[in-house]
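The report that follows is meant to be read beside the sequence and the coordinates.

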Amino acid sequence: MVDRLVLIHDVNRRAKRAAYLRVRKNPEVARQKEMRRRHRLRERLLIFYGTVCVLCGESDKAVLCIDHANGGGNRDRANRSRGQTHRMILKAADPDAYRTLCCNCNLREQVSRAREARTNAEAAHYNDRYKLRALLRYGMTCVGCGETDADCLTIHHVNGGGGQSRRVEGNKLCQWLWTNGYPEGYQTLCSNCNWRVYIAS
Ligand SMILES: [Zn+2]
Ligand SMILES: [Zn+2]
């Protein structure tokens, strides 16, 4: 009987080890596992903080995010790796410190905070001049939903590759577009529609 138990224990251990190696050796499996984990965390957070944007009432779960009620999200993120933020918010579970916002309201808040703190390094990221020029070229209306508030509009790569280009251009896409004579292949999307496109791709 004891031998049998030892054997079962051994088999379980070997199965676990094999599963661990399968994940570790295959980056795609590891990535999917990590995505599922983040998705579960996000679901739990949305249940806790509410599944409606507190500013505009948007209820499409795909575009909702958890926002620092008093700013400081970037500072927090800088101190942690990407996957850690949600876990930290879950631990805090403080209804006063965080709230649910849609991507549009989140961007609007970020822009207004950056405007208030002009000297802040963040302000450089929201360079109104270049952004306005880019919007004039590519359109002042979101092609997805017709949103016209310039503060929550973004310029979007029609054929994807936004992440790649942002890395190359260092978050200065609007300036890059201006220097390169506003090439084809870009369009105006609001932050919500931009996120929906990103998820669908
Ligand atoms: Zn909103
Ligand atoms: Zn839109």
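## Helix H2 and the overall fold

Helix H2 has 23 residues and spans 32 Å from its first C-alpha to its last, close to the 33 Å expected at 1.5 Å a residue, where the expected span is 1.5 Å times one less than the number of residues in the helix. Helices here (H or I, at least four residues) and strands (E, at least two) are DSSP runs, numbered from the N terminus. H2 is followed by Gly50, whose phi is positive, near 105°.

This is a predicted model, in which local features need pLDDT of at least 70 and side-chain atom pairs count only at pLDDT 80 or more, while totals for chains, interfaces and linings use all residues. Residues are numbered from 1 along each chain as its sequence is written, and chains are lettered from A and ligands numbered from 1 in the order in which they are written.

The predictor's confidence in each residue is given by pLDDT, from 0 to 100; its mean over the protein chain is 80, and 78% of the residues reach 70 or more. Confidence is lowest in helix H6 (residues 121-125), with a mean of 55, and highest in S4, at 93. Where pLDDT is low, the predicted coordinates should not be read in detail.

The protein chain holds ten helices and four strands, which follow the pattern α-α-β-α-α-β-α-α-α-β-α-α-β-α when read along the sequence. Of the contacts in the protein chain with a separation of 6 or more, 73% are between residues 24 or more positions apart, a contact being two residues whose C-beta atoms, placed from the backbone, lie within 7 Å.

## Strand pairs

Two strands pair if DSSP finds at least two bridges between them. S1 and S2 run antiparallel and are joined by five bridges, with His68 standing opposite Tyr98 in S2. S3 and S4 also run antiparallel, again joined by five bridges, and here Thr154 stands opposite Leu189 in S4.

A residue is called buried if 20 or more other C-beta atoms lie within 10 Å of its own, exposed if 12 or fewer, and partly exposed in between, with C-beta atoms placed from the backbone. By this count, S2 is mostly covered, with four of its five residues buried, and S4 is mostly covered too, with four of its five residues buried. S3 is largely enclosed by the rest of the structure, because four of its five residues are buried. Over the 201 residues of the protein chain, 20% count as buried.

## The nonpolar cores

A nonpolar core is a set of buried Ala, Val, Leu, Ile, Met, Phe, Trp, Tyr and Cys residues joined through C-beta atoms within 7 Å. The largest one has 22 residues, of which Ile66, Cys102, Cys103 and Cys190 touch the most other members. At least two residues of this core come from each of helix H2 (27-49), strand S1 (64-68), strand S2 (98-102), helix H5 (103-116), strand S4 (186-190) and helix H10 (191-200). H5 gives the most, with four residues. Domain 1 (34-126) and domain 2 (127-201) each contribute at least three residues to this core, the domain bounds coming from an automatic or database domain assignment. Apart from this core lies another, of six residues, among them Ala134, Leu173, Cys174 and Tyr186.

Leaving out residues up to four places away in sequence, Cys102 touches Cys53, Cys56, Glu58, Val63, Leu64 and Asn192. In H10, Ser191, Asn192, Cys193, Asn194 and Trp195 are buried, and what covers the buried residues of H10 includes S2, H5, strand S3 (153-157) and S4.

## Single residues

| Residue | State | Other C-beta atoms within 10 Å |
|---|---|---|
| Gln110 | buried | 20 C-beta atoms |
| Tyr182 | partly exposed | 15 C-beta atoms |
| Lys33 | exposed | 12 C-beta atoms |

Gln110 lies in helix H5, and its C-alpha atom is separated by 9.2 Å from that of Asp151, 41 residues apart along the chain. Lys33 is found in helix H2, where its C-alpha atom and that of Val23, ten residues apart along the chain, are separated by 8.2 Å. Tyr182 lies in the loop between helix H9 (173-179) and S4, and its phi is near 45°, a positive value in a residue other than glycine. Most residues other than glycine have a negative phi.
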